[in-house]
Amino acid sequence: MTSYLNTENIERSRGGVEYHPLRPFLPENAKLLFLGSFPPQRKRWCMDFYYPNFINDHWRIEGQIFFGDKNHFVDVPNKRFKIDEIVAFCEEKGLAFFDTSTAIRRLQDNASDKFLEVVEPTDIPALLRQLPHLRAIVTTGEKATETICKTMGISEIPKVNTSSLIPHTSSIILYRLPSSSRAYPLSFDKKVDAYRCFFDFISLQSC
């Protein structure tokens with residue numbers, strides 16, 4: 001099985017600074033690029049891929065939208081996500097993943113974005129050069145949205161379920177969706193509705 005771990009970054013993470021533990025996942029046909037803030041601590045992972053925390057609902061939302069089953073990507077008995085099925089799905093649909101920070105400090109011992117200090121923002125234009133078919137960058141949290149707006153020179157931070165054109169690109173938009181974290185105060189069904197309508201907007205799924 002292909003490993004998506006960035007072992008070099010993991011080994012050089014010390015002195016309170018964490019370098020991104022995953023390699024960018026950039027399918028050649030990618031239409032969407034999901035950019036979070038930074039992965040949670042590895043002790044919270046159930047797989048070595050994006051959205052690895054078992055209590056985060058990202059993969060349940062996509063399972064519900066595309067397969068009518070929130071547990072389509074979930075190995076329920078073992079409390080894990082089905083990484084091989086997720087990767088194959090993302091390659092088929094053209095979904096890319098990375099984060100807006102390449103290096104961070106955690107100001108508290110938890111997974112909360114508001115306690116992340118950005119040490120090194122991601123070179124987002126370098127990612128875009130590798131994605132010639134990209135239509136949209138998606139953020140789902142305040143920290144990620146603020147970071148990309150600062151990095152890309154977007155003057156007004158988009159509200160949830162709205163978009164902004166990314167400067168110096170011909171047509172790529174930044175679209176902000178509700179967070180898939182259970183800490184975000186919105187029901188699972190309403191998150192599904194929001195994601196479904198966005199995928200329809202990008203022509204991946206009917207709304």
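**Exercise 1.** Where does Trp-45 lie, and is Trp-45 buried or exposed?

*Solution.* Begin by placing the residue in this predicted model: Trp-45 belongs to the loop between S2 and H2. Next, take its relative accessibility, which is 12%; since buried means under 20% relative accessible area, Trp-45 therefore counts as buried. Then look at what surrounds this side chain: leaving out residues up to four places away in sequence, Trp-45 touches Leu-5, Pro-21, Leu-22, Pro-39, Pro-40 and Pro-52.

**Exercise 2.** Describe how helix H2 packs with helix H3, and state which residues make the contact.

*Solution.* First locate the two helices, H2 at residues 58-67 and H3 at residues 83-93, whose axes come within 13 Å and cross at roughly 60°. On the H2 side the contact is made by Trp-59, Glu-62, Phe-66 and Phe-67, and on the H3 side by Ile-86, Phe-89, Cys-90 and Lys-93. Sorted by class, these comprise six nonpolar and two charged residues, with no polar ones.

**Exercise 3.** Describe how H2 packs with helix H6, and sort the contact residues by class.

*Solution.* Start with the geometry: H2 and H6 (residues 188-201) pack at an angle of about 65°, and their axes are 9 Å apart. The crossing of H2 and H6 is right-handed. Now list the partners: from H2 come His-58, Arg-60, Ile-61, Glu-62, Gln-64, Ile-65 and Phe-66, which meet Phe-188, Lys-191, Val-192, Tyr-195, Arg-196 and Phe-199 of H6. By class, this contact has seven nonpolar, two polar and four charged residues.

**Exercise 4.** Which residues have the most contacts inside the largest nonpolar core, and with which residues is Phe-97 in contact?

*Solution.* The largest nonpolar core has 56 residues, and those with the most contacts inside it are Leu-33, Phe-49, Trp-59, Phe-97, Ile-137, Phe-198 and Phe-199. Taking Phe-97 and setting aside its neighbours within four places in sequence, we find it in contact with Pro-24, Phe-25, Leu-33, Phe-34, Tyr-50, Tyr-51, His-58, Trp-59 and Cys-90.

Notes
Residues numbered from 1 in each chain as written. Predicted model: local features only at pLDDT ≥ 70, side-chain atom pairs only at ≥ 80, totals over all residues. Heavy atoms only, no water. Core = buried A, V, L, I, M, F, W, Y, C linked by side-chain atoms within 4.5 Å. Buried < 20%, exposed > 50% of the residue type's maximum accessible area, 1.4 Å probe, protein only. Contact = heavy atoms within 4.5 Å. Axes fitted to C-alpha atoms, helices over the stretch in contact; angles between N-to-C directions. Helix = DSSP H or I, 4+ residues; strand = E, 2+ residues; numbered from the N terminus. Nonpolar A, V, L, I, M, F, W, Y, C, P; charged D, E, K, R; others polar. Left-handed = near helix turned anticlockwise from the far one by under 90°.
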